[in-house]
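I opened the notebook with a plain plan. I wanted to look at the parts of this protein and at what lies inside.

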Amino acid sequence: MEEKREESEEQKNKDQAQDHEQVVTPWQVAAKDSGKIDYDKLIDQFGCQRLDPSLIDRVHRLTSRPPHVFLRRGVFFAHRDFNDILDAYERGEKFYLYTGRGPSSESLHLGHLIPFMFTKYLQDAFKVPLVIQLTDDEKCMWKNLSVEECQRLARENAKDIIACGFDITRTFIFSDFDYVGGLWVYLVLLGKITLEKLAFHPYSQLIQYDSCVVVQAVPSFPSSFPHLFSGKENLRCLIPCAIDQDPYFRMTRDVAPRIGYNKPALIESSFFPALQGETGKMSASDPNSAIYVTDSAKDIKNKINRYAFSGGQDSTEKHRQYGANLEVDIPVKYLDFFLDDDKELEHIKKEYGAGHMLTGEVKQRLIQVLTELVERHRKARAAVTDEMVDAFMAVRPLPNMFN
Ligand code: TRP
């Protein structure tokens, strides 16, 4: 999880978490008593549904390809109306995908890649168009960054997104400052100044989130993209995202019928844990809490060997006797996300859990897997030119987007 919103807000939420319950909002993720996030409780609280194995089987059947590892391993674990999307698809109706990123930092870590890797799979499997929002407006509003810097970060992040392999004939990437319209930059700047002036005014909390929340909501409606979906106002939208984005789209789903649109469907992931353990937080200010796509092979090796929290015992003798606690072991958790081979993963869990395999050996395998992944990403990103970014971001029709 990233650093989010303003200090005071963050502190308030933390206090809430300590006093009462876990807090998961688009701006803050805090577990109860700094423990683990309780995802069952979150499903209850948010009122979304669990993504059960029968739905995953259906995806398998409808797409005639093995479900993505993130589906098989329960990384994407919750949804809203995903079954309706599949019903419609089965009847021969298509849909479109919508996802996004707040461009707050130059380089992405592995957690940031997860929704995009998954969205790429969905696009390939269902052969549907995709719109990707870069919320440079929101970052400008809430961070001490200029309009130009946010726009630059958006383009840099677009390169990482394109490197995930999206199909240019079916993908439109847009930045809010570019796409919302010519007045938007000034509206955001004016809003930002007004907020600074209002900082201590009781209304400031009330108006704080509004404009950016609705800008993130409207891409859920096909009419927001007349160059793509004109005449297809009933096209359904599926949003892959981390579950902290759910409140945005709960609001969107509430208003959709009132303005004559379908509710967007959602498919939602859990959070990618920090190297220090699931109770830790990946933090932008601590580069050792996460693996970045810009890390060298040496960085990856060092970070995993030094920081990846081990569920193994503290002496070899004890380890051979008791085995590793897989529940808290980060190398195993990371392999869960990124080791494709189900049989090998099963084997590692069994041997490591029984104490036959040592932490060092599991880390060794993880280092291999992640070094390959990061190297592949680095090469793909290096091949993304400015012209390609322009091409993905051009406001244009996508004539063969459903083929
Ligand atoms: N709010 C998201 C972030 O800060 C970015 C985002 C915009 C997004 N639109 C989205 C994420 C749609 C998922 C789906 O990262």
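These are my entries on the predicted model.

**Entry 1: domains**

I began with the division of the chain. I found domain 1 at residues 10-277 and domain 2 at residues 287-382. I looked up the distance between their C-alpha centres, and it is 28 Å. I then checked who takes part in the contact. Domain 1 brings 25 residues to it, and domain 2 brings 30 residues.

**Entry 2: the interface**

How is the size of an interface often given? I noted that the accessible area lost when the parts come together is often used. For domain 1 and domain 2, the buried area is about 2,400 Å². Carbon and sulfur atoms give 63% of that area.

Which residues of domain 1 lose the most area to domain 2? I wrote down Arg-73, Leu-110 and Leu-275. Together they make up 32% of what the domain 1 side buries.

I also looked for charged pairs. The rule finds six salt bridges across the interface of domain 1 and domain 2. I looked up Arg-73 again, and its side chain meets that of Asp-342 in a salt bridge, at 2.5 Å from N to O.

**Entry 3: the cores**

Next I turned to the inside. The largest nonpolar core has 70 residues. Phe-338 and Leu-370 touch the most other members of this core. Helix α6, residues 110-126, gives the most to this core, with nine residues. Why does this core lie between domain 1 and domain 2? Both domains give residues to it, so it lies between them.

Another core, of 20 residues, lies apart from the largest one. Its members include Phe-225, Leu-228, Leu-398 and Phe-402.

**Entry 4: helix α5**

Helix α5 covers residues 82-90. Which of its residues are buried? I listed Phe-82, Ile-85, Leu-86, Ala-88 and Tyr-89. Seen down the axis of α5, these buried residues fall within an arc of 160 degrees, so they line one face of the helix. I kept a general point beside this. An α-helix has 3.6 residues a turn, so residues three or four places apart point the same way.

What do the buried residues of α5 pack against? I found helices α3 and α6, and strands β4, β5, β8 and β9. Just after α5 comes Gly-92, with a positive phi of about 95 degrees.

Conventions. Residues numbered from 1 in each chain as written. Predicted model: local features only at pLDDT ≥ 70, side-chain atom pairs only at ≥ 80, totals over all residues. Heavy atoms only, no water. Core = buried A, V, L, I, M, F, W, Y, C linked by side-chain atoms within 4.5 Å. Buried < 20%, exposed > 50% of the residue type's maximum accessible area, 1.4 Å probe, protein only. Helix = DSSP H or I, 4+ residues; strand = E, 2+ residues; numbered from the N terminus. Domains from an automatic or database assignment. Arc of directions from axis to C-beta. Contact = heavy atoms within 4.5 Å. Buried area = accessible area lost by both parts, 1.4 Å probe. Salt bridge = Lys/Arg side-chain N within 4 Å of Asp/Glu carboxyl O.
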